[in-house]
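My notes are kept in the order I checked things.

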Amino acid sequence: MGLYDTSIGTLLIGIFFNTYLYGLVTYQFLAYYKSDFGDRLAIKYMVLFLFILDTIHSATSIYLAWMYCVENWGNPSALTVAFWPYTFTPIATALAALVTQIFLGYRVWRLSNSKILFGVIIALAVPSFALGMACGIKAWIIRILTELPQINNLVTAWLAMQVGCDAVITGTLTIILSRSRTGFRKTDTVLNRLIRGAIQTGLFAGIFSLGDLISFLSWPDTNLYGMFAVPIGRIYTNTLLDTLLARTDLKAKMAGTYDVGSSIGWAPSETARNIQLEVRKEVHQTCDNASFDAEGKVPPTMAI
């Protein structure tokens, strides 16, 4: 093993992977704004904010590699310092996580019509964001890598709460969407795709957050945790944009008229019908202000 494998080496892997993910995010961002989804301004501004945040963080991460590998070439003592782009990482990650979790919490509210569930998600997301900000600010003040274990408790609380919030969102969306299956191929295909998107959002971010936590606590004298920490924000944005862009394909899958009921004599419950209609509005934004008839059917002019 080389002298700098666990210091600059692992950090560079994280930066390289983050840059790759940022390329995907850039493509998704352009594809989103070229598509005519008819989303509310709040969603468009959310996407724009996440892209700007990702751009800033990715640029500072590349500059961090420059600081370690170019500006301080031949100066090994620089590897003991957490330069400001490094300590900015928890702040950028906490911001990306907060925006994504609030958006997905809103989706849970729309699908379940439960303000309690939305309140639980917000109650987890906001303290998690505050803890992430505190970690970044404290690390910014400390700066010395060997002294960062001082914030072990803060980091543990932050990442544990972040993973917990992601797990609650993923589990809730999965249960809600799974219970709304009707046996209709087109509807169930769309629901399965939405379930997959919900699982992806929580799973990948959770894996990297846990990797960050375990490596930070177990190997504090290395930069192994940087390999996991740097890309987390891009993972949130990537999975969120993938969910939004998937509506083009889902709309095609839902092509044709839609009837609530079943050819085998089974009809979904009122809750399931509401979820199915909400899913259609999720896929086809022009239905947001449309009215549905008393039987819950989409008017012919609004059929996808």
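**Ground rules.** I am working on a predicted model, where local features need pLDDT of at least 70, side-chain atom pairs count only at pLDDT 80 or more, and totals for chains, interfaces and linings use all residues. Residues are numbered from 1 along each chain as its sequence is written, and side-chain values use heavy atoms, with hydrogens and water left out.

I took helices as DSSP runs (H or I, at least four residues), numbered from the N terminus. Helix 4 covers residues 89–112, 24 residues in all. I checked its length against the expected span, 1.5 Å times one less than the number of residues. Next I looked at burial (buried is under 20% relative accessible area, exposed over 50%, partly exposed in between; 1.4 Å probe, protein chains only). I found 18 of the 24 residues buried, so helix 4 is largely enclosed by the rest of the structure. Just after helix 4, I noted a positive phi of about 60° at asparagine 113.

**Helix 2 against helix 4.** I used axes fitted to C-alpha atoms over the stretch in contact, with angles from 0 to 180 degrees between N-to-C directions. Helix 2 (residues 41–71) and helix 4 have axes that come within 10 Å and cross at roughly 160°. That makes the pair roughly antiparallel (over 145 degrees; under 35 is roughly parallel, 65 to 115 roughly perpendicular, the rest oblique). For contacts I required heavy atoms within 4.5 Å. On the helix 2 side I listed Ile43, Met46, Phe49, Leu50, Leu53 and His57. Their helix 4 partners include Thr89, Ala92, Leu95 and Phe103. By class, this contact has 10 nonpolar, three polar and no charged residues.

**Helix 4 against helix 9.** The axes of helix 4 and helix 9 (residues 232–245) come within 8 Å and cross at roughly 30°. I therefore logged them as roughly parallel. Helix 4 brings Thr93, Ala97, Gln101 and Arg107, among others, to this contact. Helix 9 answers with residues including Ile232, Tyr236 and Leu240. By class, I have seven nonpolar, five polar and one charged residues here.

**A loop residue.** Where is phenylalanine 37? I found it in the loop between helix 1 (5–34) and helix 2. At 12% relative accessibility, phenylalanine 37 counts as buried. Its C-alpha atom is 8.9 Å from that of leucine 245, 208 residues apart along the chain.

Notes. Helix = DSSP H or I, 4+ residues; strand = E, 2+ residues; numbered from the N terminus. Nonpolar A, V, L, I, M, F, W, Y, C, P; charged D, E, K, R; others polar.
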